[in-house]
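Good morning, and thank you for coming. I would like to take you through one structure, residue by residue, looking at contacts, rings and charges. Please look first at the sequence and the model.

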Amino acid sequence: MTRKNKIVLIFTSALAAVLLPVLGCGRGVDYTKYISEKRAEIYLYEDDAVSVKIQCSEKEQPFAADGYRGDVSPLCEIFVTLPKNPDELEVSVEGHGGEMNYQAVDKRFYLSFSAPAFNKDGVEVTLSYGGEQKTFKALSVKYAGVMSCEQAVKCVVEHDKALFEGLTKNNLFDGEIFVRLLFDEGCYYYVGVCDKSCRITAFLIDGESGKILATKSLQG
């Protein structure tokens, strides 16, 4: 093979690697437009006494797994665990916050509010309780090489073309998609595809390679 032919082959392979996830199936339908829940950020802080988790999403309001994508709004959720539960606990993150509610079943405090994604490597979290304020730095769980929510969806489209083609009519997708960043000693994505009968086909994806690790079907 000549040097010129090698260059052409390398270019063709690289172009295919770029185009395949974008084109997917369904004749160029952009399935990312049908995302009704997108959790793109997770921040964590943990020591021997305090645990803080922050999740930033865009989510349909009110949320319903019914196969229809409604209007989405930014959502920030904060979870705090303490060794001893105070009578009152307030939290502040990037100028947002308020008094947290205690969830007895999960033994943790919780607060949610509308706020856009922080898009930072870390955020400062201030907890106020017992007449004191304590500030912690919660760090993003993302690291170099972790794909975006949109890329995760495109990986699923490539993996299960039949599913998406079966739900695509007249270049319109007849369903909604949930995509959530997960973290457990590494980054993963949950992608759920929900049709109008509320049937959900769920995929667990490696956050770096895009490899499908597990699939499951359930009725919403």
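Let me begin with Glu 41, which has its place in strand β1, residues 35–46. Strands here are DSSP runs of E of at least two residues and helices are runs of H or I of at least four, numbered from the N terminus. Before I go further, please note that this is a predicted model, in which local features need pLDDT of at least 70 and side-chain atom pairs count only at pLDDT 80 or more, while totals for chains, interfaces and linings use all residues. Residues are numbered from 1 along each chain as its sequence is written, and side-chain values use heavy atoms, with hydrogens and water left out.

Is Glu 41 buried or exposed? Glu 41 is buried, and yet it has no salt bridge. Buried means under 20% relative accessible area, exposed means over 50%, and partly exposed is in between, with a 1.4 Å probe and protein chains only. A salt bridge requires a side-chain nitrogen of Lys or Arg within 4 Å of a carboxyl oxygen of Asp or Glu. For Glu 41, the nearest side chain of opposite charge is that of Lys 142, 6.4 Å away. For charge, Lys and Arg count as positive and Asp and Glu as negative, whereas His and the chain ends are not counted.

Setting aside residues up to four places away in sequence, Glu 41 touches several others, among them Ile 54, Cys 56, Ala 117 and Leu 181. Contact here means heavy atoms within 4.5 Å.

I turn now to the aromatic rings. A pair of aromatic rings is described by the distance of the centres and the angle of the planes. Rings of Phe, Tyr and Trp (its six-membered ring) pair if their centres lie within 6.5 Å; planes under 30 degrees apart count as stacked, over 60 as edge-to-face, and the rest as tilted. A search of the whole structure finds 9 aromatic pairs. In one of them, the ring centres of Tyr 34 and Phe 173 are 5.4 Å apart and the planes stand at 70°, so this pair is edge-to-face. Tyr 34 lies in the loop between α1 (3–23) and β1, and Phe 173 in strand β11 (residues 172–173), so the pair ties together parts that are 139 residues apart in sequence. Tyr 34 is buried at 18% relative accessible area, and Phe 173 is buried as well, at 5%.

A tilted pair is formed by Tyr 45 and Phe 136, with 4.8 Å from centre to centre and 35° between the planes. Because Tyr 45 lies in strand β1 and Phe 136 in strand β9 (residues 132–140), the pair ties together parts that are 91 residues apart in sequence. Tyr 45 is partly exposed at 22%, whereas Phe 136 counts as buried at 12%. Beyond its neighbours within four places in sequence, Phe 136 is in contact with residues including Tyr 45, Asp 47, Val 50 and Val 123. There is also one aromatic cluster formed by Tyr 31, Tyr 34, Phe 164 and Phe 173.

My last topic is charge. Side chains of opposite charge can pair when their charged atoms come close. How many salt bridges are counted? The count comes to 6. One of these joins Glu 37 and Arg 180, whose closest N and O atoms are 2.9 Å apart. This pair links distant parts of the chain, with Glu 37 in strand β1 and Arg 180 in strand β12 (residues 175–183), 143 residues apart. Glu 37 is buried at 5% relative accessibility, while Arg 180 is partly exposed at 22%.

Finally, consider Lys 196. It forms a salt bridge with Asp 174, the closest N and O atoms being 2.7 Å apart. Asp 174 lies in the loop between β11 and β12 and Lys 196 in the loop between β13 (187–195) and β14 (199–206), so the pair ties together parts that are 22 residues apart in sequence.
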